[in-house]
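Please consult the sequence and the structure as shown here.

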Amino acid sequence: MDESTQFQQSQVAAILAGDPSQFEILISSLMSSSNETRSQAELLFNLAKQHDPNSLSLKLAHLLQLSPHLDARAMSAVLLRKLLTRDDSYLWPRLSLQTQSSLKSILLACLQQESVKSITKKLCDTVSELASGILPDNGWPDLLPFMFQCVTSDSVKLQESAFLIFAQLSQYIGESLVPYIKELHGVFLHCLGSSTNFDVRIAALNAVINFIQCLNNSSERDRFQDLLPSMIRTLTEALNNGNEATAQEALELLIELAGAEPRFLRRQLVDVVGSMLQIAEAESLEEGTRHLAIEFVITLAEARERAPGMMRKLPQFISRLFTILMGMLLDIEDDPEWHSAENEDEDAGETSNYSMGQECLDRLAISLGGNTIVPVASEQLPAYLAAPEWQKHHAALIALAQIAEGCSKVMLKNLEQVVTMVLNSFYDPHPRVRWAAINAIGQLSTDLGSDLQNQYHQRVLPALAAAMDDFQNPRVQVVLVVIDLAAFSMAHAASAVLNFSENCTPEILTPYLDGVVSKLLVLLQNGKQMVQEGALTALASVADSSQEHFQKYYDAVMPYLKTILVNANDKANCMLRAKSMECISLVGMAVGKDKFRDDAKQVMDVLMSLQGSQMESDDPTTSYMLQAWARLCKCLGQDFLPYMSVVMPPLLQSAQLKPDVTITSADSDNDIDDTDDESMETITLGDKRIGIKTSVLEEKATACNMLCCYADELKEGFFPWIDQVAPTLVPLLKFYFHEEVRKAAVSAMPELLRSAKLAVEKGLAQGRNESYIKQLSDYIIPALVEALHKEPDTEICASMLDALNECLQISGTFVDENQVRSIVDEIKLVITASSSRKRERAERAKVEDFDAEESELIKEENEQEEDVFDQVGEILGTLIKTFKASFLPLFEELSSYLTPMWGKDKTAEERRIAICIFDDVAEQCREAALKYYDTYLPFLLEACNDENSDVRQAAVYGLGVCAEFGGSVFKSLVREALSRLNVVIRHPNAKQADNVMAYDNAVSALGKICQFHRDSIDSAQVVPAWLNCLPITGDLIEAKVVHEQLCSMVERSDVELLGPNNQYLPKIVSVFAEVLCGKDLATEQTLSRMVNLLRHLQQTLPPATLASTLSLLHPQQQLALQSILSS
């Protein structure tokens, strides 16, 4: 042992010895503002914890009990709680029974004697922490009797303490309290009903709400229904006594209940919601109180997974809430700052009331849907638009923009009314109203998409172009550059052009381009920077939407853009320069490499010099530059490779950024929220509050997306970077701070493998061979499978399965047996989890308030689920194609998961996927798959006549496969197969767009029966019937198979095909003519064979016979054949 360790241990021994003052100095040092003093104290404290936990624990307990110093008592409570927390350094099991017993006694004694409220709360936390670890095993039999004694005592302090502990225990170990449900109900009811002390009632309210949440069944929760009036009275009486701080505490607790157990409120919903709206309407109350009451109602509306449809049953309240929110939108000042447009404070004049109204309208519309909200809006908004005050016009337009996302489907039915309402306001005398109208068009373009563009471009685009002439009001003049960044406008009309043009097709936009581009060029030369920024963003969007049509403006636009890029180089102009990069790169992509090439080098030289310069952390250039480089790469393709050595180092640096995370205790006094940094986002998880710097995450996500773009675009050219990119992106498959980062990492996996494989195949892999592909595959595929196992988001889960499937296709037989096994095991879990989510939704559909709107939402969620099943089917198809019969043992393991998918109770998509998997097995495994025919063929035959055309297509295709490879096993089923195919082929609507794929596959299957089971059919009837269905033109893959088969049969002079006296020859010639004149209906080889056959007929048939055959064709086909035969 060295001297310093000996010295430290002797210090610890002295601190833990009899003199309490030494120990108090240590605790005081732990609170020191000096880092050095604190670090030294932490070292000694940890040594004491390690070497003598009994003495340390008792010293802390005695300090807590006896110290006259408040800080020392508070710190002791906190340190004891940490020692008794069940984590890696959990101390309790290391303590002697005597110490354990002493600690429990001292803690209860402290609860009784401590007089300082803040320390009492910390004590309650410590008792709860210890109890949650030992109470379930009966390790503290005195605690619950003590707590019940406290709640019935005369001491207000003890009552509050007991309820604080009950609240925490309900959260941590609620199941241990459930046996005392009757006693708890009694004390809660008594206290909420009769206590005159608000602190006690709030503590009891907290305990009740936590306890209700820990009860597993509704009958147990219903026992507490009679407490609800007293719970609400705690709130209303606090308000009546002018005690708003207590009322706000009560509201926050009730909001928690509304989110977690909304159906608990259902029976008394009218009274509860009525009380909340009354609070929201009371102008005498503080804003914070009114906002919380609104938050309660919105939270109930949003709790659709737990109480689907419940709030839609209260239309009168929805209307009242809408009125309240509209009133909040009137709380806006006409701030001169706003008009000047000298800065980016688009919110100038807006209040917290206004912001709350805006946010809640959006949330209300999304949660309740258009059928509920649009009738209320239609009733209230016209009066606002008819009123003389500009604030009311403004409020109506803002409300329309806010509800558009949630009400899009219903608004589309009333589009004329909506568009007219907004466009009329383009001419309002007040600039803020005009701004709101343009903003509304931008938002409607985003939310209503192509319907708005297609039907109303003739009215909207000229109106937007006219708004760009509003030089008196630069804020109105341009467009919202990007709505969610809320950077505005002379910038405003330019941003609505952005949103409108983002969804426009080139055809819609082209007639307006001359006018729009010339006005944007005028704005680009405007003195106000905001206006220029808006114009750049709008130009970029217009170029992106019009694509090659933008070429005619290129020569006029590009010089301006380059001038800005080169000259906007001081700090005040950094956003302008960033926007010019965005615009140049999008214009380059729109016009293409040939047009852009001459300017590209100059632009990239500027970007390279910027890349090498030092930029400040808040400079937006980095993010814009990352995206501009990627677009330039997309435009220039392989010509971009020389720049990769400049682009990649900073890009990798951004992709490797560590998340800037701050973790504090949820009840800590130094709240992360106190920071002024708007880019910090906070979430509370259990007793931890986590703050995350979103700007770092966004830069990281952008960089990861760009890496994926480069790999996709450059293919084998990206090979030199794989060794750096793979270790950067693979760990990010499990980056749970940001979905976009995970999505980008997932998308990149197959691109990296493809790049490596192409480089090896083309000899560009710097001497590496196939073992490198195997090595990369062994790194990526298991990582994807593991990430899939932990992925919480259904949509990303589907993307991971899709990426995994692509990786399997690229890697092929490099994937080893263990990896295949782990993939199959994961697929079982994916199927089980997906089925379980669907069952939960089915349960939701049974609740009393379930309605059509909820049904629509569940349908959308289930469609997402089908994407997951679809990808599972694709992966199994790939594994079957790759490993053929050797995969069958694992297929058999999966059969119990797959067979239920054939059931009538399953969706059409699930049935289709199950059939496709069997089709793959039958096709790829041939004789080895015959043993499954008995099980699967009855399903297949039945599915041939399924009402869903996709299911029919998969089933009839499968019949064709079984006819081809089923040999004698299929023979006994030929008659039934013919009957099933006949129904599909002869259906009156068989050739309609929805059914044609099933029809074509049925014809192909019939051809295979003719080919492989001629001896089991009446070939003189069936073969001509098959010929009569030709050509097929819907499914181009099957068309090639069928027409090749026809060719072969003609070449061998198939008797039944030609018919008696060659009577079917005209039909055969007609089919050949249609195939030769059609597009992609046969392979080049088959087309060539058809031409040879026709020439052979020309030489062998009497001219009159050939002439009469040709005369039956369409004139166009006659000309084509004559041309072919004469060449």
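Predicted model: local features only at pLDDT ≥ 70, side-chain atom pairs only at ≥ 80, totals over all residues.

Residues are numbered from 1 along each chain as its sequence is written, and side-chain values use heavy atoms, with hydrogens and water left out.

User: How many helices and strands does the protein chain have?
Analyst: Helices (H or I, at least four residues) and strands (E, at least two) are DSSP runs, numbered from the N terminus. The C-alpha atoms fill a box of roughly 125 × 75 × 70 Å along the principal axes. Within the protein chain the count is 55 helices and three strands.

User: What percentage of the residues in the protein chain is buried?
Analyst: Buried means under 20% relative accessible area, exposed over 50%, and partly exposed in between (1.4 Å probe, protein chains only). For the 1127 residues of the protein chain, the buried share is 55%.

User: How much space lies in the largest cavity?
Analyst: On a 1 Å grid over the protein atoms alone, a cavity is a set of points where a 1.4 Å probe fits but cannot get out; lining residues have an atom within 4 Å of a point. Grid points are joined across faces, edges and corners, and a volume is the space filled by probe spheres set on the points. By this rule there are four cavities of 30 Å³ or more. The largest cavity holds about 140 Å³.

User: Which helix gives the largest share of the lining of the largest cavity?
Analyst: The lining includes Val374, Leu400, Asn414 and Met421. Two or more residues come from each of helix H20 (370-386), helix H21 (390-413) and helix H22 (415-424). The largest share, five residues, is supplied by H20.

User: How many charged residues are in the lining of the second largest cavity?
Analyst: Ala, Val, Leu, Ile, Met, Phe, Trp, Tyr, Cys and Pro count as nonpolar, Asp, Glu, Lys and Arg as charged, and the others, Gly among them, as polar. The lining of the largest cavity has nine nonpolar, three polar and no charged residues. The second largest cavity, with about 50 Å³ of space, has Arg304, Arg312 and Glu854 among its lining residues. Its lining divides into six nonpolar residues, two polar and, as charged residues, three.

User: Which domains each give at least three residues to the lining of the second largest cavity?
Analyst: Helix H16 (287-302) and helix H19 (352-368) each supply at least two residues of this lining. Domain bounds come from an automatic or database domain assignment. At least three residues come from each of domain 2 (141-305) and domain 3 (312-334 + 344-448).

User: Why is the pair of tryptophan 629 and phenylalanine 640 edge-to-face?
Analyst: Rings of Phe, Tyr and Trp (its six-membered ring) pair if their centres lie within 6.5 Å; planes under 30 degrees apart count as stacked, over 60 as edge-to-face and the rest as tilted. The structure holds 19 aromatic pairs. In this one the ring centres are 5.9 Å apart, and the pair is edge-to-face because the planes stand at 65 degrees.

User: Is the pair of phenylalanine 640 and tyrosine 710 stacked or edge-to-face?
Analyst: Phenylalanine 640 is buried at 0% relative accessibility, and tyrosine 710 is buried as well. Their ring centres are 5.9 Å apart, and with 15 degrees between the planes the pair is stacked.

User: Which ring lies under the charged end of lysine 700?
Analyst: A charge sits over a ring if NZ of Lys or CZ of Arg is within 6 Å of the ring centre and within 35 degrees of the ring normal. Lysine 392 meets this rule over tyrosine 384, 5.8 Å from the ring centre. The charged end of lysine 700 is 5.2 Å from the centre of its ring, that of phenylalanine 735.

User: Where is the cis peptide bond to proline 1031 found, and from which residue does it come?
Analyst: Most residues other than glycine have a negative phi, and most peptide bonds are trans. Proline 1031 is in the loop between helix H49 (1019-1028) and helix H50 (1036-1051). The cis bond, with omega near -5 degrees, comes from leucine 1030.

User: Is asparagine 138 buried or exposed?
Analyst: Asparagine 138 is in the loop between helix H7 (117-134) and helix H8 (143-151), and its phi is positive, near 60 degrees. Its relative accessibility is 58%, so asparagine 138 counts as exposed.

Terms used. 1 Å grid on protein atoms, 1.4 Å probe; cavity = no way out; pocket = protein on both sides within 12 Å on 5 of 7 lines; lining within 4 Å.
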